[in-house]
Amino acid sequence: MGLLDAFFKRDPLLQHYKVGRKLGRGTFATVKEATEKSGGAKWAVKIIDKRVLAPEDEQALTKEVEIMRQLAELKHPNIVFLKEVCESEGTFYIVQELCAGGELFDRIVEKEKYNEKDARVAMKQIVSAIDACHDLRIVHRDLKPENLLYAAKRGEHRDTIKLADFGLANMLKKDEALATACGTPGYVAPEVIAAQGYGPEVDIWSLGVIMYILLCGFPPFYSENNPQLFRMIQRCQYTFTRPYWDQVSDQAKDLIRSMLVVDPKKRATCKDIMRDPWMTKDDI
């Protein structure tokens, strides 16, 4: 377990935290709420049974922790903060910021769609988080509403969004492209489907899909049949369907068009998006 030993310190987590209710479950991990015994601060702890990890899973976990550690140094307000990682009795623990407000996906379902002001509040935070990743040459590769969490259900931080789940994220080395086909079908960029080398532009495409969904409540590309869905994406085959888009501004549509561009070289960057007139509009 040499690679992981460099990241996980041998520190019995239960000496410092009281582990409580289950928050979720993944393929290899259970996520629970944890309360610090000194101070009472609440965190989310990902609990991983290292005995079930294959060598490639160990490598993926090492990469995820390395990326989260780099991002933790930024203390970015819109990226889930990694507090610490530790190992005890055959189990790995990843202690990270607790986001009690649930997924952006659930908030969209609840609201049905966002008005432009609320969508702008959300997009500013999401783009800022992705821009911070791209500055470090980190590509998220699985950007979708399920991986964007609200900090709180109510109160001061109710509208604060945090970028989470770096399990598919990767570091882009200089003069090198990524090649692994990964991501969630409805959000994946054309160059990933085409099995071309790709870079951070794939996250921009996903941002375009997310903004589209925020403003109307449904995705720009949809089919129950994945090959058909992928053909639609590769052709950038979508419309601003009436009557759902009749009340949405042309500026908003133009910004989406700048992100949903088949040629990644012609796609907007995060900094382009943040300077866009729709994004910089002052809402009263």
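This is a predicted model: local features need pLDDT of at least 70, side-chain atom pairs count only at pLDDT 80 or more; totals for chains, interfaces and linings use all residues.

Mentor: Residues are numbered from 1 along each chain as its sequence is written, and side-chain values use heavy atoms, with hydrogens and water left out.

Trainee: At what angle do helix α4 and helix α6 pack?

Mentor: Two packed helices are described by the angle between their axes and the distance between the axes. Here α4 (residues 116-135) and α6 (residues 201-216) pack at about 165°, with axes 10 Å apart. Axes are lines fitted to C-alpha atoms, for helices over the stretch in contact, and angles run from 0 to 180 degrees between N-to-C directions. Helices are DSSP runs (H or I, at least four residues), strands likewise (E, at least two), numbered from the N terminus. The pair is therefore roughly antiparallel (angles over 145 degrees).

Trainee: Which residues of α4 and α6 make the contact?

Mentor: With contact meaning heavy atoms within 4.5 Å, α4 brings E116, A119, A122, M123, I126, V127, I130 and H134, while α6 brings D203, I204, L207, I210, M211, L214 and L215. They divide into twelve nonpolar, one polar and two charged; Ala, Val, Leu, Ile, Met, Phe, Trp, Tyr, Cys and Pro count as nonpolar, Asp, Glu, Lys and Arg as charged, and the others, Gly among them, as polar.

Trainee: What is the volume of the largest cavity?

Mentor: Rolling a probe the size of a water molecule over the atoms shows where empty space is left. On a 1 Å grid over the protein atoms alone, a cavity is a set of points where a 1.4 Å probe fits but cannot get out, a pocket is an open set with protein on both sides within 12 Å along at least five of seven lines, and lining residues have an atom within 4 Å of a point. Points are joined across faces, edges and corners, and a volume is the space filled by probe spheres set on them. There is one cavity of 30 Å³ or more, and the largest has about 90 Å³. Of its 14 lining residues, R141, D142, Y187, V188 and S206 are closest to the centre. α6 gives the most to that lining, three residues.

Trainee: What lines the largest pocket?

Mentor: This pocket, of about 1100 Å³, has 34 lining residues, with G26, V31, K46, Q96 and D165 nearest its centre. α2 supplies the largest share, five residues.

Definitions and conventions:
Angles under 35 degrees count as roughly parallel, over 145 as roughly antiparallel, 65 to 115 as roughly perpendicular and the rest as oblique.
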